[in-house]
Amino acid sequence: MGRVRIAFWWLVLAALYCALPGVPALAAADRSQPVCFISAAAGGDLQQQISNRRDWNCSSDHSDLSAPAIILRLPVDSSLHESAETSPRYAVSRTSAFRHLTVMAAGPGGQSRELRYAFNQVIPGLPDQQFAVRLPEIESGTQHIYVAIEGANQRILLDQLHLSTDLPGEAAEDRTVLFLVAALAGMILLPLGFNLAFYRVLREQFLLWHVMLSTCSLAQIMLTSGFYSAFVTLDIIQLRALIILSFGGMMVAATKFAATFIEPDKLSPRLRKLLCAGALWCAFITMIHAFGAGALGRYSSDLFYLGSALMLPVFALVIFSAIRRGSRAVWFQLLGWAPFVIVGIIRIFSYFNTSLPQIDAFEMFYGAIALECGATALGVVDRFMILRRQCDDALAMARQSEALSERDHLTGLMNRRAIEPRFAELRSLGFNTFALIDLDRFKSVNDTHGHALGDEVLQAVAQALDADENVLAIRLGGEEFVLLLRGREARRRAEQRRIAIPARTALVVPGLDRLVTASMGVVEMPDAGLEHVSFNELYSRADKLLYEAKEAGRNRAMFEKLVAFPDRRGERRPGKSVAA
């Protein structure tokens, strides 16, 4: 219940964070004077269609877009005619597809002036996906501007149509919004860079999906704010398509991110498949909305908004299921999704509720992007730290297992696996003396006293070999040991350890009825040359010396010092110089 309460308050804070900046957007939809409209035929004479019409509808219900054309009557404030600077020069609205738009200024003397625009001829504005068309010259005393729109795609085009003296983005409040949007765009670049850096360490799919999410969010901000104009030139048709595609890309990336980000055991395979299917669905409705407006008209928008509404219960189900399973990652997902869900509900509700003006709540949307980027970036960092910790633990365990596998479990000495692969490196560090030691008649100890006491003898022998930084002691198996020595008088130090074996075992292992002695074969290598001689070759030479010691009566050592002789090809080959 504690986590549920935390999630609830996060949701409330997210709603307030996004809703407070969005209040001006809601207020902007209200007009001080009513805008009236009538349905009309497409392409007809506008002056003739509005003359003697008495059926003007001055409500805000623009729900019927099936008429060939809709004519809006916008009142002109008489106070605006005091100077040319305050006279309205543009008709401005939210960018939405249409076929043609005709603007007419009806003068007080009955004369009228018209300008006709195709959708690709309007002026893209900034911010908030606005566009503008220039008005015809307005005479003093003009009371109304008439705008005929053919093939309107969404009500928002009609709901937000208004007159303006400036292009969108030129007002002081617009420049303030642009400054904040620029800061937001810079904020998105940070997690974008972090994710690419993290992916070099952790090859996790959710990092790539978050890169796509951040990239599409950045594109959405650049396109809707108009910052793109500093880099590329787009007409209104291209701009609309890119805005829709970048928004759809955000939905696809957010859905796939959730499917790969939530821990494997905290979300059922069925829900993961549902999220993947939802990502495909989002891609489908996005393509229809971006490129199907010409053929489907307003139905492309209907499909997009309805399809987006269907994703809301999917997200809710995923969040609820992951929370029940104890997911840690889902809390970051909840924090990131909450503001988008709120914006989505506002957009969808205002789209289908014809009694309210249709709004996009872009101020809320920008706040949602900021909160999502922060929450998801924290989630990625948290997952990175968890995965890194898991990798470190696994590596430590692997190293521990490797270390255990390189140690003899009985004596604690290194085994052959620890030495043989590193033998060349040890040679380069000066370990040039190889001593092979075998206990004399050790089988009789096991047969007489049992293997338990025999194990105690082997442990005592390991103590007698007294390994240090210049002496490496290895148990090869059974009663056979190897010493690798470096430094001066290596032969003497090896012999001291062999001689110490009987005394050490007699002292440490009670119950022995005999001394445990050892025979040894020692091979000394030159400091330079014969680096190619392998562990097995030295073992073979030392084993022959050990056999000679056994044959000579046991409890003794045989020594051999090798020197390098050049052969006919100039290569070094080993040769015996001293034997004892």
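Five strands form an open sheet in the order β1-β2-β8-β4-β5, with antiparallel pairing. The model is predicted, so local features need pLDDT of at least 70 and side-chain atom pairs count only at pLDDT 80 or more, while totals for chains, interfaces and linings use all residues. Residues are numbered from 1 along each chain as its sequence is written, and side-chain values use heavy atoms, with hydrogens and water left out.

**The five-stranded sheet**

- Strands here are DSSP runs of E with at least two residues, helices are runs of H or I with at least four residues, and both are numbered from the N terminus.
- Two strands count as paired if DSSP finds at least two bridges between them.
- The edge strands of this sheet are β1 (36-40) and β5, each of which pairs on one side only.
- From one strand to the next, the twist averages 20°; angles run from 0 to 180 degrees between N-to-C directions, and axes are lines fitted to C-alpha atoms, for helices over the stretch in contact.
- β4 and β5 (residues 112-118) are antiparallel and pair over seven bridges.
- Within this pairing, Ala106 has Ser112 of β5 as its bridge partner, and His100 stands opposite Ala118 in β5.
- The hairpin of β4 and β5 has five residues between the strands, and Gly110 takes a positive phi near 90° there.
- β4 also runs antiparallel to β8 (residues 144-150), and six bridges join the two.
- The bridge partner of Val103 in β8 is Val147.
- β4 is mostly covered, with five of its seven residues buried; buried means under 20% relative accessible area, exposed means over 50%, and partly exposed lies in between (1.4 Å probe, protein chains only).

**The four-stranded sheet**

- A sheet of four strands is also open, with the order β6-β7-β3-β9 and antiparallel pairing.
- Its edge strands are β6 (123-124) and β9 (162-164), and each pairs on one side only.
- β6 pairs with β7 (residues 130-134) in the antiparallel sense over two bridges.
- In β7, Ala132 is the bridge partner of Ile123.

**Helix packing**

- Two packed helices are described by the angle between their axes and the distance between the axes.
- Helix α5 (residues 205-225) packs against helix α6 (residues 236-261) at an angle of about 155°, with the axes 8 Å apart.
- That angle makes α5 roughly antiparallel to α6; angles under 35 degrees count as roughly parallel, over 145 as roughly antiparallel, 65 to 115 as roughly perpendicular and the rest as oblique.
- α5 passes α6 in a left-handed crossing, a term used if the near helix is turned anticlockwise from the far one by less than a right angle, with clockwise being right-handed.
- The contact of α5 with α6 has 17 nonpolar, eight polar and one charged residues; Ala, Val, Leu, Ile, Met, Phe, Trp, Tyr, Cys and Pro count as nonpolar, Asp, Glu, Lys and Arg as charged, and the others, Gly among them, as polar.

**Aromatic pairs**

- A search of the whole structure finds 13 aromatic pairs; rings of Phe, Tyr and Trp (its six-membered ring) pair if their centres lie within 6.5 Å, and planes under 30 degrees apart count as stacked, over 60 as edge-to-face and the rest as tilted.
- Phe98 and Phe131 form a tilted pair, 5.9 Å centre to centre and with 40° between the planes.
- This pair links distant parts of the chain, 33 residues apart: Phe98 is in the loop between β3 (90-94) and β4 (100-106), and Phe131 is in strand β7.
- Both Phe98 and Phe131 are buried.
- Tyr351 and Phe352 form an edge-to-face pair, because their ring centres are 5.0 Å apart and their planes are at 85°.
- Tyr351 is buried, with a relative accessible area of 4%, whereas Phe352 counts as partly exposed at 41% relative accessibility.
- Ring pairs link Tyr351 and Phe352 into a cluster with Phe247, Phe304 and Tyr305.

**Residues that meet across the sequence**

- Gln238 lies in helix α6 and counts as partly exposed, at 39% relative accessibility.
- Gln238 is 52 residues from Ala290 in sequence, and their C-alpha atoms are 9.6 Å apart in space.
- Ser327 is in the loop between α9 (298-324) and α10 (329-352) and counts as buried, at 0% relative accessibility.
- Ser327 and Glu263 are 64 residues apart along the chain, and their C-alpha atoms are separated by 6.7 Å.
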